[in-house]
Amino acid sequence: MKMRNTLSLLLAAALALSLAACGGGGGTSQSSSGSGSGTDASGSTSGASSSQPEETQDPGPASTPVQIGGSIDNDNFTMTFDSMELLDEYEYRTSEYSTTSLYVEDGYKLVVVKGHFENKSTGAISDSCFNRSALVNGTYEVDGYDVRFNFIRDKYFEIDAYTDLDYVMYINIPNKLAEQFETAEFTIAFNDDLSTPSTVWSSDGGETIEADQFYTLSGTAGAAAPADGDGGGTAADVKGLWSVNYYVDDFQQPTEEWYITNETSFTGTFSNSATTNSKLLVQVAVDEFEGEGNRVAFFLYEYGRNQVKNSSTNYVDEYTITMRGADGTDTSLSGTVYCGGDRLFIDDKYVDTVLNAMKGEGTLSFHIVEDEHTTTSYLFSMETDNFGSLYESVAAEGR
């Protein structure tokens, strides 16, 4: 991305001044007060060989370098740069249960920057406040909207006033380039008042971004900010596949109502009348519903992005489920996606059976068939890992 001044403009200005000095511009006034053969203040003779003072354009702000572990901090926001990764795919939670996946073009991989963003201003900040570009290995350029920037929430593209959220900034690069990946530079431009940076187009088709501030983040795959190492945190910080989180109230403050979910989606396959053994991603959530008892729910994402839902307002969708335990024993269960629902609940009479299996050790597998459309089926496995210890900790807190 170019700054305001360009080499072509400087060359053009120098050429114009040279022509003026040679007297080639008819009707062009001379800047010296005397005749063409006079002397300047230094005593040197002026004329065709004398050099005129060049008028240079404002070069604009220099780009401030920043590394992984650094940040941009001003009166309006603080934006940290915590890591840079080269990934085949990436998904994240946008609410208590919902997740989304980053767009990956076929034959491409992701370069993902992760960080945290605090809005200190009095209004919402949109991703349109920032002009972004990227340069991979010093040669491969990515401009404009191809450098995507998502706040991790339901509304990906803006962050409310007095709010802080994690974010991801990412690009797609071809697989062949990914095999040679060494470095990436992300340039972020913005105005001090957070108005949208302007783009100026030149006659040769080039573009110049005009903004008050420019920052260039440099990093390599796997770069990460150093850990704080202070030992603090909540139950959600326990290392393992599962974590404890808490629902929030209307003021986005944590409540005492907990849920346990898998940090990374489990993978599997699904089949129906149109496809066979296609990609499936699964989120699992265990909670206690208003003191009435535990619930176990599966969130199913066909092709890794299309969430299974029940759009009916009159009928439930029922499923037959077979759970295979770590010892190879099969147990028959049932589940329901309720009217307007977006998750498959294990039916109440089988919840304890599933929970007891999840509190054990090893791998559990689930085969799920829709009762009405028996050609629709789902198959996935989960590792119990640290689920049992987390469940016992939150259950003890509730007693």
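N310 is buried, with a relative accessible area of 4%; buried means under 20% relative accessible area, exposed over 50%, and partly exposed in between, with a 1.4 Å probe and protein chains only. The structure is a predicted model, in which local features need pLDDT of at least 70 and side-chain atom pairs count only at pLDDT 80 or more, while totals for chains, interfaces and linings use all residues. Residues are numbered from 1 along each chain as its sequence is written, and side-chain values use heavy atoms, with hydrogens and water left out.

N310 belongs to the loop between strand 24 (306–307) and strand 25 (317–324). Strands (E, at least two residues) and helices (H or I, at least four) are DSSP runs, numbered from the N terminus. A polar atom of the N310 side chain lies 2.8 Å from the backbone oxygen of Y315 and a polar atom of that side chain lies 3.3 Å from the backbone oxygen of Y338. Each is a polar contact, that is, a pair of N or O atoms within 3.5 Å; within protein, one atom must be able to donate a hydrogen and the other to accept it, and residues adjacent in sequence count only if both atoms are side-chain atoms.

Another buried residue is I346, with a relative accessible area of 3%. I346 lies in strand 27, residues 344–346.

Charged pairs come next. The structure holds eight salt bridges, each a side-chain nitrogen of Lys or Arg within 4 Å of a carboxyl oxygen of Asp or Glu. One of them joins D73 and K120, whose closest N and O atoms are 2.8 Å apart. D73 lies in strand 2 (residues 71–73) and K120 in the loop between strand 7 (108–119) and strand 8 (125–126), so this pair ties together parts that are 47 residues apart in sequence. D73 is exposed at 51% relative accessible area, whereas K120 is partly exposed at 31%.

In another salt bridge, D160 pairs with R153, the closest N and O atoms being 3.3 Å apart. D160 is partly exposed at 29% relative accessibility, and R153 is buried at 16%. D342 and R343 also form a salt bridge, with the closest N and O atoms 2.8 Å apart; here D342 is buried, at 17% relative accessibility.

On the surface, E105, D106, E141, D143, D146 and E207 gather in a patch of negative charge. Patch residues have over 30% relative accessible area and no salt bridge, and like charges are joined within 9 Å. Within this group, E141 lies in strand 10 (residues 140–143) and is exposed, with a relative accessible area of 55%.

Most residues other than glycine have a negative phi. Y162, which is not a glycine, has a positive phi of about 55°. Y162 is found in the loop between strand 12 (158–159) and strand 13 (164–174), where Y162 is exposed, with a relative accessible area of 62%. L194, also a residue other than glycine, has a positive phi near 65°. L194 lies in the loop between strand 14 (184–190) and strand 15 (198–201) and counts as buried at 14% relative accessibility.

How values were computed. Patches are made of residues with over 30% relative accessible area and no salt bridge: like charges are joined within 9 Å, nonpolar side chains (Val, Leu, Ile, Met, Phe, Trp, Tyr) within 5 Å. Accessible areas come from the Shrake-Rupley method with a 1.4 Å probe; for residues, only the protein chains shown count as cover. Lys and Arg count as positive and Asp and Glu as negative; His and the chain ends are not counted. The place of a charge is taken as NZ of Lys, CZ of Arg, CG of Asp or CD of Glu.
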